[in-house]
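The following exercises concern the interface between two protein chains. Please examine the sequence and the structure before working through the solutions.

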Amino acid sequence: MGGWAIAVHGGAGVDPCLPAERQEEARRVLSRCLKLGAAALQAGLTAVDVVEMVVRELETDPVFNSGRGSALTRRGTVEMEASIMDGRGRRCGAVSGLSTVKNPVSLARLVMERSPHSYLAFDGAEDFAREQGVETVDNSYFITEENVGMLKLAKEANSIMFDYRVPIPGVDSCSASAGLIGAKAEGGLQMNGLPISIYAPETVGCVVVDNNRWCAAATSTGGLMNKMSGRIGDSPLIGSGTYACDVCAVSCTGEGEAIIRSTLARDVAALMEYKGLSLQEAVDYAIKERLDEGKAGLIAVSRNGEVAYGFNTVGMFRGSATQDGFMEVGIW
Amino acid sequence: MGWAIALHGGAGDIPLSLPAERRTPREAALRHCLDLGVAALKANRPPLDVVELVVRELENSPCFNAGKGSVLTTNGTVEMEACIMDGNTKKCGAVSGLSTVVNAISLARLVMERTPHIYLAFDGAEAFAREQGVETAHSSHFITPENVERLKNAKEARRVQIDYTQSIKGAEVSATGKGESIIQATVARDVAALMEYKGLSLKEAAAYVVERTPKGMFRACATEDGYTEIGIWPSGINGDLEYPNK
């Protein structure tokens with residue numbers, strides 16, 4: 001094997017009744033981002049440059065939950081977070097609690113490269129953004145009408161909307177689950193009391209191995225709908241939502257709390273390093289054994305140019321491409 | 001077999017020439033906290049309760065970089081953080097950016113037990129603290145003259161001072177030293193991963209992970225068979241303090 005490889009995701013846990021045009025829209029965005037990344041890799045850009053570039057693209061597009069289109073806190077505001085890791089040297093940068101920065105992943109990179117620290121959050125991160133002169137906008141830029149509506153529904157159900165879906169055996173028709181709107185039904189597809197049909201779009205991420213076999217990963221999100229202000233999830237946490245080292249790069253999505261507790265991204269690498277598993281074996285093991293009751297998915301690449309993904313949710317928006325011309329976008 | 005406890009008060013360049021007036025209070029604090037932990041274990045308190053009460057005590061001591069005695073940001077303020085993890089359930093809680101909460105570790109535990117989240121930070125964490133009615137104090141409670149001096153020196157030297165951090169606390173592994181190195185190496189998880197995936201013993205795993213041994217680490221440990229140790233520098237160097245009942 002060998003050569004470059006790239007994978008992207010737009011979140012794990014997909015409404016099986018997602019209208020066809022929404023599915024198409026998601027596929028288009030994933031495809032576009034993959035091609036952007038592939039072209040950059042062909043041109044010889046490094047892994048860390050490519051993951052930043054691709055995630056910026058995913059942040060800017062409102063289809064997925066990061067940057068514009070982020071889920072709203074219970075106060076109706078947006079608090080975004082992101083992390084980036086360069087497997088070469090395991091340098092990393094992360095940010096949380098951003099409310100005006102247009103591209104959180106780029107600020108995370110600046111933390112890595114222009115500060116003596118790895119992680120900045122809230123006011124301190126916003127101050128750093130201004131010092132660095134990154135593009136900022138009013139918080140309202142990130143808020144979409146759709147998400148305002150979803151927040152209202154989430155408050156009415158008085159629960160947190162997770163951005164994953166629990167596969168429930170026996171619910172095999174859209175109308176059956178659609179009929180559950182507003183109900184905390186036991187047998188229906190739901191998360192924390194809310195039916196699956198009204199979920200927020202997802203976290204985004206990208207993993208890359210470049211022509212020099214260096215791996216990098218980046219993840220970005222607006223977090224959970226109706227979350228408490230100040231809540232930090234897995235996406236900015238190195239080892240949980242994001243990890244990159246000599247052997248691989250990983251980006252996770254799904255139930256943040258489950259990903260944190262299982263140090264999911266790091267575990268894929270540790271299984272390869274310490275247990276000698278291959279990339280796919282490590283991904284499968286991590287999803288199967290490390291999540292307990294949690295629901296999540298991840299994408300990964302290895303230094304040998306392999307791509308892999310895994311998820312225990314119903315679907316994960318994803319795409320992957322390798323230097324030999326392989327390219328694929330998937331949801332289910 | 002049986003219970004075991006280990007605690008630390010920070011790693012870093014602790015000079016062998018550390019003067020007595022700086023060394024003695026720290027040793028005494030380590031001894032005091034260890035005794036509290038051992039008593040709690042002998043009384044069959046669950047491990048989660050024990051780590052919380054020991055860390056509360058360390059936070060309340062002005063000798064260590066946590067709670068009272070926290071090092072200062074460039075603005076001269078404190079921003080405290082903590083986390084707690086239950087190895088049995090794998091549940092965890094964390095807080096960052098606290099400026100008024102007397103015991104950050106206890107707030108971390110409340111995040112774990114009373115919210116659907118794991119990690120709260122800054123204003124949101126402070127708001128949660130008030131909702132929960134935990135003890136809060138004015139910044140003067142946390143800021144010590146020693147740390148004001150430290151900040152002044154650090155600014156003059158124009159560098160970030162290596163802190164004696166105890167920011168990561170789990171039921172089994174707690175890391176300390178230069179925070180950024182610990183993050184990128186996922187130190188605490190790696191110790192467990194080496195044991196789980198590579199079959200190393202605890203001791204081997206810890207040795208594998210600590211790449212560059214800092215000059216010292218304020219620490220104390222005890223096991224049920226009566227072994228206790230309080231130390232600052234690597235074993236055998238100039239004054240590991242106690243080896244009773246080995």
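**Exercise 1: Extent of the interface**

In this predicted model, 38 residues of chain A and 31 residues of chain B take part in the contact.

Task: State how much area chain A and chain B bury between them, and which residues of chain A lose the most area to chain B.

Solution. Begin with the area: the two chains bury about 2900 Å² between them, and 60% of it lies on carbon and sulfur atoms. Next, turn to the side of chain A: A:Met228, A:Arg261 and A:Tyr274 lose the most area to chain B, and together they account for 26% of what that side buries.

**Exercise 2: Polar links and contributing elements**

Task: Determine how many salt bridges cross the interface of chain A and chain B, and which element gives the largest share of the side of chain A that touches chain B.

Solution. Apply the salt-bridge rule, a nitrogen-to-oxygen cut-off of 4 Å; four salt bridges are found across the interface. One pair to inspect is A:Arg74 with B:Glu131, whose side chains meet in a salt bridge at 3.5 Å, N to O. Then count the polar contacts: 14 residue pairs between chain A and chain B. Among the elements of chain A that give two or more residues to this side are strand E3 (91-98), helix H7 (256-261) and helix H8 (264-275). The largest share, seven residues, comes from H8(A). By class, this side of chain A has 18 nonpolar, seven polar and 13 charged residues.

**Exercise 3: Strand pairing**

Task: Decide whether E9(A) and strand E4 of chain B run parallel or antiparallel.

Solution. Two bridges join E9(A) to strand E4 (residues 119-121) of chain B, and the strands run antiparallel. To locate the pairing, find A:Arg231, which stands opposite B:Leu120 in E4(B).

Key. Residues are numbered from 1 along each chain as its sequence is written. Chains are lettered from A and ligands numbered from 1 in the order in which they are written. This is a predicted model: local features need pLDDT of at least 70, side-chain atom pairs count only at pLDDT 80 or more; totals for chains, interfaces and linings use all residues. Side-chain values use heavy atoms; hydrogens and water are left out. Contact means heavy atoms within 4.5 Å. Buried area is the accessible area (1.4 Å probe) that two parts lose on being put together, summed over both. A polar contact is a pair of N or O atoms within 3.5 Å; within protein, one must be able to donate a hydrogen and the other to accept it, and residues adjacent in sequence count only if both atoms are side-chain atoms. Helices (H or I, at least four residues) and strands (E, at least two) are DSSP runs, numbered from the N terminus. Ala, Val, Leu, Ile, Met, Phe, Trp, Tyr, Cys and Pro count as nonpolar, Asp, Glu, Lys and Arg as charged, and the others, Gly among them, as polar. Two strands pair if DSSP finds at least two bridges between them.
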